[in-house]
Amino acid sequence: MSEKQPEHGPSDVWGPLGPVIQPLLGTWIQAARIVGNSLSAVVPGGAAAMNQFATAMSGGPRTLDARQSVQVSSRAPATVTVALDPDAEYMLLTVDPLSPAKDADALPLLGVAIACREGHVTVSVTVPDDQPPGVYEGEIKDGGGNRRGQVTVQLASLVG
């Protein structure tokens, strides 16, 4: 028999039960973030308060990448960039019409939609054939109108 005690790191407050408790705690914290983010549409600061609590409980900030898909319907070459805040993939999201970044007189790009399902975000962009080339930007918002991200479409000239 060995007299040596098991060694635990300074952050392992759960001792030998850590491998069992920590995954369960992580799941609970993620569920608490989802509930807190849902509250943000009704109670201003609900998500912020829950995120502060979850960050404190987990020992620091943690970013989980959302699964994202982009569907583009365009004759002209188009590059679509989607930037989402953490945990936005679990909210009811909308996207504003995309405004031209430089030409304030140009018409916005209207054919943009966003959908979230089970943590997966799908952005659909339909570009009319007569849409002028350029960079178009729009905000992604939650049900309470709070900014949760941005969509950018860089549209090249129609070739041919």
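Me: Before turning to this predicted model, what is a nonpolar core?
Reply: The term covers buried residues of the kinds Ala, Val, Leu, Ile, Met, Phe, Trp, Tyr and Cys. To belong to one set, such residues must be joined through side-chain atoms, and the cut-off for that joining is within 4.5 Å.

Me: Which residues of the largest nonpolar core touch the most other members, and which strands each supply at least two residues of this core?
Reply: The largest nonpolar core holds 21 residues, and those that touch the most other members are Leu-98, Leu-109, Val-123, Val-125, Ile-140 and Val-151. The strands that each supply at least two residues of this core are S2, S5, S6, S7 and S8.

Me: What is the strand order of the open sheet of three strands, and which are its edge strands?
Reply: The open sheet has mixed pairing and the order S1-S6-S5. Because each pairs on one side only, the edge strands are S1, residues 67-73, and S5, residues 112-117. From one strand to the next, the twist averages 15°.

Me: Do S1 and S6 run parallel or antiparallel, and how many bridges join them?
Reply: Within this pair, Val-72 stands opposite Val-125 in S6, and Val-125 is also one of the core residues that touch the most other members. Strand S6 spans residues 120-126, S1 and S6 run parallel, and the number of bridges joining them is seven.

Me: Which residues of S8 are the bridge partners of Ala-78 and Gly-138?
Reply: S8, residues 147-155, runs antiparallel to S2, to which seven bridges join it, and eight bridges join S8 to S7, residues 134-141, again in an antiparallel arrangement. S7 and S8 form a hairpin with five residues between them, and Gly-145 in the turn has a positive phi of about 85°. For Ala-78 the bridge partner in S8 is Leu-155, and for Gly-138 the bridge partner in S8 is Val-151.

Me: Is Asp-87 buried or exposed, and what is its phi near?
Reply: Asp-87 is found in the loop between S2, residues 78-84, and S3, residues 94-95. With a relative accessible area of 5%, which is under the 20% cut-off, Asp-87 is therefore buried. The C-alpha atoms of Asp-87 and Arg-148 are separated by 9.2 Å, although these residues lie 61 residues apart along the chain. The backbone of Asp-87 has a positive phi in a residue other than glycine, and that phi is near 70°.

Me: Which side chain makes a polar contact with that of Gln-131?
Reply: Gln-131 is found in the loop between S6 and S7, and Gln-131 is buried because its relative accessible area of 12% is under 20%. Leaving aside neighbours within four places in sequence, Gln-131 is in contact with Leu-107, Pro-108, Leu-109, Tyr-136 and Leu-155. Leu-109 in turn has contacts that include Gln-131, Tyr-136 and Val-153. The polar contact, of 3.2 Å, joins the side chain of Gln-131 to that of Tyr-136.

Key: Residues numbered from 1 in each chain as written. Predicted model: local features only at pLDDT ≥ 70, side-chain atom pairs only at ≥ 80, totals over all residues. Heavy atoms only, no water. Pairing = 2+ DSSP bridges. Helix = DSSP H or I, 4+ residues; strand = E, 2+ residues; numbered from the N terminus. Axes fitted to C-alpha atoms, helices over the stretch in contact; angles between N-to-C directions. Buried < 20%, exposed > 50% of the residue type's maximum accessible area, 1.4 Å probe, protein only. Contact = heavy atoms within 4.5 Å. Polar contact = N/O pair within 3.5 Å; in protein donor to acceptor, adjacent residues only side chain to side chain.
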